[in-house]
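Visitor: Hi! Could we walk through this structure together? I'd like to start with the backbone.

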Amino acid sequence: MIVVAGEALIDLVPQGAGALAALQPALGGGPYNTAVALGRLGSPATFCSRVSYDAFGEALLDRLRETGVDVTSVQRGTEPTTLAVATVGEDGSAAYSFYVDGTADRKFTAPSALPPGTRAVSFGTCSLVLEPGASAYEELMRSAAAQGVFTALDPNIRAGLIPDADAYRARFKSWLPSVTLLKLSEEDARWLGGTPQEWLAAGPAAVVITRGGDGLTAFTADGGTYAVPGERVDVVDTIGAGDTVNAALLHGLAVRDALGGRALAALGPDGWTELLGFAARAAAVTCSRAGAEPPYAHELDD
């Protein structure tokens, strides 16, 4: 079982040009997209979050259930669902503004225990920024790591939500001893500062950096560096691409029985190249269609 902890929200995606273009609601949130992608790839997954009782919240849970993701760890609340207004650039890249005050996911509380059979827990995005929920997710991360559970982190920086950049950067560094796999984009890496080698020295067994259409690179604690090119595709938009990479990496590691620090080191050049190539193909499928629509396992068969 892979547990994905973090927010679920509604992306409002413009259907045309201009500030007053019609907005199409779409189910989203980085951790939510990761959970859906894991379900579509065939990995047993559980979503751990706090979701509204409103109509958007019901739709979010319905999709998880349809995808085969367990929702028994989801907390519920009467507060509204978080909204993210997307702006899609000419190259398909997406930027967001958020409506987060008083929303349900901010009131998440850390569960007393992880679901039975948990092999990994994935964290990231807004859930590690917005208090008081951020401290609860942090508590869960540290607790899982202390129990020897594989932990994955994708900070997925949304700078507009971070009131004190230096404080967040310091907090990010404090998480690293509790992280097994750190995945982040080139843009996130530049914003955070530091290098893969510095981050590895703080705790993670591996760091994976995504470079958009240029591919992915993995750095491992034993000094290995492995890279694959991106898959060429006609990009509709990049919404959910990074979340798909998260899921593909976790799914691929689970299939290889490599959800552990030592197992990551044992993958070697061939194992890392295969894993990164799989993640690149999965992300390309997501980029080829509108919104966060990650692939099903059969779409990635060679």
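Visitor: Where does threonine 125 sit?
Guide: Threonine 125 is in the loop between β9 and α3. Keep in mind that this is a predicted model.

Visitor: And what is phi there, for threonine 125?
Guide: Phi of threonine 125 is near 65°, a positive value in a residue other than glycine.

Visitor: Okay, cis peptides next. Which residues does a cis peptide bond join?
Guide: Glutamate 131 and proline 132, with omega at about 5°. Proline 132 is placed in the loop between β9 and α3.

Visitor: Let's move to the sheet. What is the strand order in the open sheet of 8 strands?
Guide: The order runs β4-β1-β9-β10-β11-β12-β13-β14, and the pairing is mixed.

Visitor: Which strands stand at the edges?
Guide: Those are β4 (45-48) and β14 (225-228). Each has a single partner strand, so one side of each has no neighbour in the sheet.

Visitor: And the twist, what does that average?
Guide: From one strand to the next, the twist averages 15°.

Visitor: How do β1 and β9 run, parallel or antiparallel?
Guide: Strand β1 (residues 2-5) and strand β9 (residues 120-124) run parallel, joined by 3 bridges. Isoleucine 2 stands opposite alanine 120 in β9.

Visitor: Which strands does α9 lie across?
Guide: Helix α9 lies across β12 (206-210), β13 (216-220) and β14, and runs at about 35° to β14.

Visitor: Now α7 and α9: at what angle do their axes cross?
Guide: The axes of α7 (residues 241-255) and α9 (residues 268-287) cross at roughly 145° and come within 8 Å. The crossing is right-handed.

Visitor: Which residues make the contact?
Guide: On α7, they include Ala241, Val245, Leu249 and Leu253. On α9, Leu275, Phe278, Ala282 and Cys287 are among them. The contact residues divide into 12 nonpolar, 4 polar and no charged.

Visitor: Switching to pockets: how much space lies in the second largest pocket?
Guide: About 270 Å³. The pocket is lined by 17 residues, and the closest to its centre are Val13, Gln15, Asp237, Ala290 and Gly291.

Visitor: Which elements give two or more residues to that lining?
Guide: Those are β2 (9-14) and β3 (23-28). The largest share comes from β3, with 4 residues.

Visitor: How does the lining of the second largest pocket divide by residue type?
Guide: The lining has 9 nonpolar, 4 polar and 4 charged residues.

How values were computed: Residues numbered from 1 in each chain as written. Predicted model: local features only at pLDDT ≥ 70, side-chain atom pairs only at ≥ 80, totals over all residues. Heavy atoms only, no water. Axes fitted to C-alpha atoms, helices over the stretch in contact; angles between N-to-C directions. Left-handed = near helix turned anticlockwise from the far one by under 90°. Contact = heavy atoms within 4.5 Å. Nonpolar A, V, L, I, M, F, W, Y, C, P; charged D, E, K, R; others polar. 1 Å grid on protein atoms, 1.4 Å probe; cavity = no way out; pocket = protein on both sides within 12 Å on 5 of 7 lines; lining within 4 Å. Points joined across faces, edges and corners; volume = space filled by probe spheres on them. Pairing = 2+ DSSP bridges.
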